[in-house]
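The sequence and structure are shown first.

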Amino acid sequence: MKQHQTTKPMSLITKLRTATPSWSILAIAFLALSGVLELLGDMDYLNQYYLHILIIVGMNIILVASLNLVNGYLGEFALGHAGFMAVGAYTAAVIATKIGPPGLPTLIIALIGSTLAAALIGYLVGLITFKTVGDYLAIITLGFNMIIVNAIQNIDYLGGPRGFIGIPKATNLFIVAICVVLTYTVLRNLVYSDHGRRWISIRENAIAAELMGIDINRAKNMAFTIAAAFAGLAGGLWAQYQQFITPKSFDYIKTTDLLVMLYLGGTGSLSGSILGVVFYTVLMEVLRNVLSMIDPRLAELRMLISPLILVVVMLTKQSGLMGNREWRWFSPRKEENTDESCS
Amino acid sequence: MRKFGFMLLSLVFLAFAVSGCGPSNELKIGVSAPLTGDISALGQSTKNAALLAQEEINAAGGIKLGDKSYTVKLIIEDDENKPESTATVFQKLINQDKVLAIIGSQSSKCSNAGAPIAESAKVAQISPWSTNPNVTKDRNYVFRACFIDPFQGKAVAIFAKDKLNAKTAAVLYDVASDYNKGIAEVFRDEFTKAGGQIVAFETYMTKDTDFSAQLTKIKGTNPDILFLPNYFNEVPLQIQQALKLGLTAKILGSDGWDNPELIKMGGSAMEGTYFSNHYSPDIDRSASKDFIAKYQKKYNIMPDAAAALTYDSCYLLFKAIEKAGKADPTAIRDAIAATKNFSGVTGDISYDGSGDPVKGAVIIKIENGKFVFDSAVNP
Amino acid sequence: MEIIIQQLLNAAQLGAVYALIALGYTMVYGILRMINFAHGDIFMVGAFIGFLLATTVNMPLVLMMPLTMLLTAFVGIAIERVAYRKLRDANRMSLVITALGVGIFLENFVRMVVGPQTRQIPAQLPDKILTFGSGLVVTEDKLLIILISLALMTILWLFTNKTLMGTAMRAVADNADVIPLMGINLNRVIAVTFAIGSALAAAGGIFYGQAYSIDPYMGIDLGWKAFIAAVIGGIGSIEGAVLGSFMLAGVEVFTVAYLSSNLKNGIAFGLLILLLLIWPSGIMGKPMIKKV
């Protein structure tokens, strides 16, 4: 990265790197690529398994990036993200099965519904957590997650512990890609706006931020609500992709997975969220394939090897894979000279 | 960082490029089992039984299709007992490994997550142990080797009412688990319908180990029987704690009890209890006896219900492949659906139109630390 | 009335086990400001060491318990040395993720080595059933578990408040940066903290394995419960962790007994959230004062 700049300052690679493409070009290219992949998958030129992994990666990116808003930029330690996802998933499931015929309009209504429902719950949780900080906030969010899961387990209309079955399949790679782009456009604009500055200042020093005239409660609640909304969106996609959801899929084990991907990638970095998700998901699938290639009996070793790799990575890259840095594409143009961003 | 990324990338390509190939005289069958996670003991049984079946069939010359013999190759994957991991496992088995059929998964929630994928890829799925009715509902490619919850719940309720002459019953079950809740509710309805009275209907959450609060409450209602439709790793605790609180009701359970660990853990507390099961180890049936002897010889433990049902699912599939006469998933599906009077370890299995077998249950009594056949219940 | 006393005893037994785990959380937190998510799994490792000692060499409880506590203490020290020390000055959350990784590794390691089955540590405590009054039934082991746990907690309290090492630990908790200036070996204080926390968790594991059952994944849920208990009591405070544990157990047991067992988690967590809204820093916790 830096080596290139010092040794060959005007090489072609450096030029390409410095020429930051605009956000919209990047987004369109990304959408086009996923559209092509989806088509290839539909025509059976591309293995459905790879398509499946890409879809999972996409949904996890939305989840982790939105969690990053609260845990990374705002600097809190929220443990209830899976709960918001559950709200979104069940809202989408109800809308998709009970309201319209399967199709694009129903999908859009379901996704909007799940986003709004999760945002509402996120807003309420945000209101309640005002007084607490740090690990106390962690417990309150965790508590809400457990309450949501426990409530769903007791609602027979939603299938209770048996889960919600028979949701029509409406999500595909292209839809997920649209949602990823949407999420990242919103998050990127927020993070580099006044709101983002407020969140970072609260993270760095809440009292100083308050003295500067920042309404901490309002800023916090905004972060909470937006993060919950995107978690709900991902939940809605998830429900309509997997076609079957159970309350237990949304307990703290899910939150833990998200936390691992978030901190692995590096907090406070939008590109870190992508890298963390891709690294972790690909690692797990590579291990699965390598082990089953060697001997079918080794499948259970996967869960023994992956945590070791996780620990080693965390020991060598202490602030996650990206640290606080950002890919150039993700930071607005005007900051090119001032930001320490690279690669 | 970059070097690391490059290494990872090359590993990815290597892994995906190499897997998926294999010699042409192999028939690949996928197995999705919870090898890690909260029910990994069951995943272990699944793996053991499947490997035993594979070893046997290959030692006997494999499966003959036309005039060529093929060896069976099982690809066993870990679904962690999570629906989302099961979906990934099914995608990999079907699209990457191109298996002919899938055995699994064990818990109903995982089978339900895998089923839509098997269904749309037109690959048959046989779940050994998922007793939730909605797993096979409206699905053409999904089968199971076991009976379903409503049948079992009714069998126990009738047994309690008629054979044990119980008038009042208490139930303690795991409200967060679909299996336990399903049977508990059927039992409640059937027992009431038969003229009995449910005096306590108490719940707990998966992984709870202290049931004294609920049992104290149940003791206050003084029931004739206590029904515990829960898993073998929780039941001994529940019974021990019930006895320590001085509860005297007769205790009944369901097929989740069937595991050698039940008696190992529960010891004398288990004496005189009853549970419904897929088969009875002491029954005079050559297939059952053979299987138990072979399994014990190879792994040095008694097989549990999950092992027996997995073994049955494997042979059901082997027979179907043989009958289909070609390595074609749709033909294999049709052959499975046409299965009549397949004589397995856990009883005779026939399918008539749906993916649920027509199959009976047995009631087992625990006497002197052994599972003893008590009575049979037929559909 | 008997039923209420009975339920109180049920809660006390559960609370005692929670407390033995929660103490480890709270001590490590006090010193490193770190949530050691592997602690629940150290508790599990302790239980399995006890199980192996009790079943393979038939060791009696009086010997098995101290030996298990010692061995588990070494496990705790080793984890700190290998996985945490290098990250001590890094982002606090990197430590949390490393701890999660260590926890998953321990779970799967024990599953591979000992097997996935659920086990019980052979009961060695006397378990005669005592009957009081008209219907109050108490087993001796229940009373013993509560008493031994309380004794261990008292010893811990004396240790942190009356000994030199304990004073050093409290000093580190107050301000870790100046500790080396005072001539105190920071690494040693931290190692001792991990050792004590792990040993207590092992004691909890042994009791748990006798009263209930053990499996390689049991540490996940119990670890979370104990973490919650430690936070409710005021994380970093030893008295708070004990109080929080008994309160959590009490809320759980009485929710099941008098409200609804279906909604146990919902009601229990609703009450806990309410508590935290009244005491935003936990019951015994010091209010967080941030320096500008």
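In which loop of chain B is Glu80(B) found? Glu80(B) sits in the loop that runs between strand 3 (68-78) and helix 3 (83-96) of chain B. The model is a predicted one.

## Positive phi residues

Most residues other than glycine have a negative phi. Glu80(B), although not a glycine, has a positive phi of about 55 degrees. Glu80(B) counts as buried because 25 other C-beta atoms lie within 10 Å, and the cut-off for buried is 20 or more.

In chain C, Arg33(C) also has a positive phi of about 55 degrees and is not a glycine. Arg33(C) belongs to the loop between helix 1 (2-32) and helix 2 (39-56) of chain C. Arg33(C) has 15 C-beta neighbours inside 10 Å and is therefore partly exposed.

## A cis peptide bond

Most peptide bonds are trans. The bond joining Gly104(B) and Ser105(B) is cis, with omega about -10 degrees. Ser105(B) is in the loop between strand 4 (101-104) and helix 4 (108-121) of chain B.

## Contact between chains B and C

Contacts between the two chains involve 27 residues of chain B and 26 residues of chain C. On the side of chain B that touches chain C, at least two residues each come from helix 2 (40-59), strand 8 (197-204), helix 7 (212-221), helix 8 (235-244) and helix 9 (260-266). Helix 7 of chain B gives the most to this side, with six residues.

By residue class, the side of chain B that touches chain C has twelve polar, eight nonpolar and seven charged residues.

Technical notes
Residues are numbered from 1 along each chain as its sequence is written. Chains are lettered from A and ligands numbered from 1 in the order in which they are written. This is a predicted model: local features need pLDDT of at least 70, side-chain atom pairs count only at pLDDT 80 or more; totals for chains, interfaces and linings use all residues. Helices (H or I, at least four residues) and strands (E, at least two) are DSSP runs, numbered from the N terminus. A residue is buried if 20 or more other C-beta atoms lie within 10 Å of its own, exposed if 12 or fewer, and partly exposed in between; C-beta atoms are placed from the backbone. Two residues are in contact if their C-beta atoms, placed from the backbone, lie within 7 Å. Ala, Val, Leu, Ile, Met, Phe, Trp, Tyr, Cys and Pro count as nonpolar, Asp, Glu, Lys and Arg as charged, and the others, Gly among them, as polar.
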